[in-house]
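Hi,

Here is the structure for your files.

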Amino acid sequence: MRAFTLAGWIAMLAVPLVAQDDPTVPDKHLERYFGKKPDTFLVDPQGLLSGEQRREREQFLAYHSKDSEIDFQVLLFGEGQQVPGDVRVEELGERFYDDGKPCLLALYFLGEPERVRLILSPQIADVVSVAELARLRQQAVRAAEARTVAEEQLEDFCIQLAIGIFWIEREAGLGGGPDTAGPGEENPVVPPESKDRPAMAKRWKAWAAEWGVPAGVIGGGVLAAILLRWILRRRARHRFPDRLPTPRLGGEHGAGIGALIEFRSSTRSPTHQKGEPDDSLGGL
Amino acid sequence: MMKCPSCLQAIHRGASACPHCGFDLAGADRRFGTEGPACELLNDRAGLIRSMDRKRLTRMLTGFLARFPQLAFAVHTGSGAGKDLREFAFWLINRGRFVDLPDDRSPSGIVLLAIDADAHAATLCWGYLIDEHLSEADTFQILSRAHAYWVEERYGEGIERVIEQLVLVLIRRARRARRLERRGGRA
């Protein structure tokens with residue numbers, strides 16, 4: 001019991017000594033990460049990637065930038081690292097990309113793709129919905145998680161996100177073409193309502209591709225059934241039993257007498273004008 | 001329940017004359033003539049129907065003939081019958097010679113709409129073939145559809161409404177009659 005207590009005290013005292021590597025990103029790198037707009041596509045001041053790997057990722061991101069209207073930059077952190085609490089990550093988009101080419105910034109934690117944070121520059125923040133961004137993130141994370149090696153995860157993450165950015169471009173109306181603004185030129189800010197229409201059209205097309213044929217067949221069938229029923233009803237012939245009662249009142253063909261209504265007054269209902277009319281010619 | 005066209009009292013379905021007022025066809029003959037008039041199914045003596053309405057009505061009457069292979073719908077407009085409009089209709093259905101009645105139709109299958117322009121009154125009268133299938137309540141419902149039109153002297157449109165409503169009622173009655181017949185046959 002005594003031994004245990006002593007061991008417990010030793011363990012408690014030892015913890016701060018062992019956990020000397022603070023999970024927070026070291027202060028000396030903060031300026032490089034969060035001080036100003038990154039001047040490279042991949043920011044890795046801690047040297048988490050080997051030289052060759054970093055070059056490859058940098059080349060890929062640079063190639064993407066050349067090919068796309070939206071830049072893609074990555075701030076790379078180590079596994080388990082924490083961004084200091086006084087860094088307001090959500091403001092990075094405003095701070096770094098207030099003007100110039102639109103950009104998507106990813107705060108990626110090596111080996112932990114699910115912790116990634118995506119920040120949009122103000123030019124495209126309004127035209128990409130939160131749901132779309134979440135979907136984009138999910139797809140990229142899923143692609144990364146299919147790998148087991150951290151560096152390969154980053155590679156697949158970047159590839160998948162670059163593909164996603166291509167779709168964002170299309171939806172934001174920034175798609176590359178001869179008439180669109182080139183890289184480095186001021187990009188037009190697309191009003192939010194113009195975004196909804198392509199998204200709706202896209203959803204509608206997807207729905208039509210999946211359900212168009214069955215829906216058409218069912219709709220056509222229902223219409224055909226209604227039409228057929230209408231035709232059959234129109235062509236239906238209605239017969240009564242050929243039973244003739246004994247003639248009455250001497251009438252050979254019929255003696256069925258129905259209601260009699262007057263239509264003198266437009267203010268009185270038919271019910272009030274049911275009955276015997278005046279004798280206009282004195283019964284003659 | 002059958003009614004006398006003259007006194008509107010209930011009479012037996014086989015009564016040769018009304019036990020209340022003595023009315024019969026011979027009495028009607030004395031009032032309206034023994035020789036029935038030759039008339040068409042659409043007989044607009046009072047000139048109430050406009051020519052454009054007349055064409056539509058003619059088509060509707062043809063349609064009626066097609067839908068009910070035993071029946072025919074006839075329209076008579078005139079004046080002077082006054083409160084005897086029911087008696088007149090009874091007399092006309094029995095004495096009238098409907099020259100355009102198809103050969104395969106019996107006068108017992110006629111449904112006659114009689115309109116008296118002076119008295120501003122209308123009634124329906126029918127042959128024995130549908131004696132059991134139409135009631136006074138049915139005919140009141142049918143005529144009520146036309147009331148608003150006739151008040152405004154839009155006679156053609158009113159008659160169209162009568163035909164439409166009559167068709168609906170007769171279709172229901174024919175179906176019911178067939179159902180009853182099948183049940184009777186099985187029993």
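In this predicted model, helix α6(A) meets helix α7(A) through Glu132(A), Leu136(A), Gln139(A), Ala140(A), Val141(A), Ala143(A), Ala144(A) and Glu145(A). On the α7(A) side are Gln153(A), Asp156(A), Phe157(A), Gln160(A), Leu161(A), Gly164(A), Ile165(A), Ile168(A) and Glu171(A). Contact means heavy atoms within 4.5 Å. By class, that contact has nine nonpolar, four polar and four charged residues. (Nonpolar is Ala, Val, Leu, Ile, Met, Phe, Trp, Tyr, Cys and Pro; charged is Asp, Glu, Lys and Arg; the others, Gly among them, are polar.)

The axes of α6(A) (residues 130-145) and α7(A) (residues 150-171) come within 7 Å and cross at roughly 155 degrees. The two helices are therefore roughly antiparallel (over 145 degrees).

In chain B, α1(B) (residues 25-32) packs on α3(B) (residues 85-95) at about 100 degrees, with axes 10 Å apart. That makes the pair roughly perpendicular (65 to 115 degrees). This contact has six nonpolar, one polar and four charged residues.

Which residues line the largest cavity? They are Pro241(A), Arg243(A), Tyr128(B), Leu129(B), Ile130(B), Asp131(B), Glu132(B) and His133(B). (A cavity is a set of points on a 1 Å grid where a 1.4 Å probe fits but cannot get out; lining residues have an atom within 4 Å of a point.) About 40 Å³ of space lies in it.

Residues are numbered from 1 along each chain as its sequence is written, and chains are lettered from A in the order written. Local features need pLDDT of at least 70, side-chain atom pairs count only at pLDDT 80 or more, totals for chains, interfaces and linings use all residues, and side-chain values use heavy atoms, without hydrogens and water.

Best wishes

Methods
Axes fitted to C-alpha atoms, helices over the stretch in contact; angles between N-to-C directions. Helix = DSSP H or I, 4+ residues; strand = E, 2+ residues; numbered from the N terminus. Parallel < 35°, antiparallel > 145°, perpendicular 65-115°, else oblique. 1 Å grid on protein atoms, 1.4 Å probe; cavity = no way out; pocket = protein on both sides within 12 Å on 5 of 7 lines; lining within 4 Å. Points joined across faces, edges and corners; volume = space filled by probe spheres on them.
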